[in-house]
Structures are given as C-alpha cells and as structure tokens.
Amino acid sequence: ARFSVLLGAGVILSFVAPSTGRITVAGTDLRDIDPDQWRHQIAWVPQVPGLFAGTIADNVRLACAVASDENVRQALADAGAADLPLSRTVAESGADVSAGERRRIAVARALLRVRMAGANLVLLDEPTAGLDSTREASVLASLAALDATVVVVAHRPETINAATRVITLSTPAPVTA
C-alpha cells in the first residue's frame, strides 16, 4: 500500500473544493469526476464512525453485504478487534460501544470494502486514537498491507511514523489590509 498522512479529508472526498490548486486522479481533475463514482472507490473511516442498530457483523458488512462470517472475522482481526463477537448487538448510533470499539469496527468495515467491494483508496481520520499499542500496531500493519492507497489524517506520532510519505498542510496566515 502507499500509505500517506494528510491533514484535511473533505477535499479528497469531494465535499469541499480546494481553495487553491487542484487534485488530479490519473491526470483528471477531481472536479471533473462524478462525486458518486469517485466516492464508490473510497473506504472512509471518519473520526467518529457511524454505526447502526444491529450486530457487529451487520455493521462491518455495511461495506459488502455478501461477506461471509469468515471474511468479517478476518477483517475484525486485522483491525485489532478479534475479541468482538460477530453476534454482539450494537445500539443505534453505537451508543453502547466504546470509542476504540467503534473505531475498530469501522476500520474492519474499510478493510472489507477494499478486499471485497473494490475500493482502492482508504481515507481514515485518526484511526488509531484511543487504541492500545498492540491494537494500534495491528491496524497500522493491516493498512500497510492493503493493495490500495491509504491516506490517514493523523496527529499521533506512531501513526505518522508508520507512513511511507507524510504531507503536512497548514492554514495560510490571514491577509490583513
């Protein structure tokens, strides 16, 4: 995987246009690509991932409805979540799971989306926040092994150090009259 760290996800997801410059995908300006087609290629894990009422397996399968239990178990294991039973129920909005569990379920969903649903870009916002070092290492190793481009918004040194390329964006100084 090409594993980069970037601060600013909205532009890549086509929710926000760049204020200067442009983003190209295989030579095509992102503004010229249908946003729905573009987003279909992306496995996205926001800083506070969404969950819905159902089981953990249901929440992971959101990425690929036909995934087998074994596919889901493998994705959970690779996300440092092998301890989460597939049949465990999750309340609406994931109110009954910890922040770390929520994040690991969402990372498993993203891994499954790449492996089974054709996503070739993984965009994650602070995917290892709240994880212990063992689970963090598992997540980072799984992301690095993907056959996809991985872009991570991160502040944690361990996550940044795992990247093969780091891009730091800064906010320009305000213009004063």
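Ala26 is exposed, with a relative accessible area of 86%. This is a predicted model. Ala26 sits in the loop between strand E2 (24–25) and strand E3 (28–29). Its phi is near 50°. That is a positive value, and Ala26 is not a glycine.

Glu126 also has a positive phi, of about 55°, although it is not a glycine. Is Glu126 buried or exposed? Glu126 is buried, with a relative accessible area of 6%. The cut-off for buried is under 20%. Glu126 belongs to the loop between strand E7 (121–125) and helix H5.

## Helix H5

Helix H5 covers residues 133–145, which makes 13 residues. From its first C-alpha to its last, H5 reaches 18 Å. That is close to the 18 Å expected at 1.5 Å a residue. Asp132 caps the N-terminal end of H5. A side-chain oxygen of Asp132 lies 3.1 Å from the backbone nitrogen of Thr134.

Which residues of H5 are buried? They are Glu136, Val139, Leu140, Ser142 and Leu143. Seen down the axis of H5, these buried residues fall within an arc of 160°, so they line one face of the helix. An α-helix has 3.6 residues a turn, so residues three or four places apart point the same way. On the other side of H5, Ser133, Thr134 and Ala145 are exposed.

Ala162 is found in helix H6, residues 157–162. Its relative accessibility is 31%, so Ala162 counts as partly exposed. How far apart are the C-alpha atoms of Ala162 and Ala137? They are separated by 9.2 Å. Along the chain, the two residues are 25 residues apart.

## The second largest pocket

Rolling a probe the size of a water molecule over the atoms shows where empty space is left. The second largest pocket holds about 270 Å³ of space. How many residues line this pocket? The lining has 16 residues. Ile42, Ala43, Trp44, Arg109 and Arg113 lie nearest the centre of the pocket.

Strand E4 (42–45) supplies at least two residues of this lining. Helix H4 (99–117) also supplies at least two. What kinds of residue make up the lining? Twelve are nonpolar, one is polar and three are charged.

Note on methods. Residues are numbered from 1 along each chain as its sequence is written. This is a predicted model: local features need pLDDT of at least 70, side-chain atom pairs count only at pLDDT 80 or more; totals for chains, interfaces and linings use all residues. Side-chain values use heavy atoms; hydrogens and water are left out. On a 1 Å grid over the protein atoms alone, a cavity is a set of points where a 1.4 Å probe fits but cannot get out, and a pocket is an open set with protein on both sides within 12 Å along at least five of seven lines; lining residues have an atom within 4 Å of a point. Grid points are joined across faces, edges and corners, and a volume is the space filled by probe spheres set on the points. Helices (H or I, at least four residues) and strands (E, at least two) are DSSP runs, numbered from the N terminus. Ala, Val, Leu, Ile, Met, Phe, Trp, Tyr, Cys and Pro count as nonpolar, Asp, Glu, Lys and Arg as charged, and the others, Gly among them, as polar. The expected span of a helix is 1.5 Å times one less than its number of residues. Buried means under 20% relative accessible area, exposed over 50%, partly exposed in between (1.4 Å probe, protein chains only). The arc is that of the directions from the helix axis to the C-beta atoms. A polar contact is a pair of N or O atoms within 3.5 Å; within protein, one must be able to donate a hydrogen and the other to accept it, and residues adjacent in sequence count only if both atoms are side-chain atoms.
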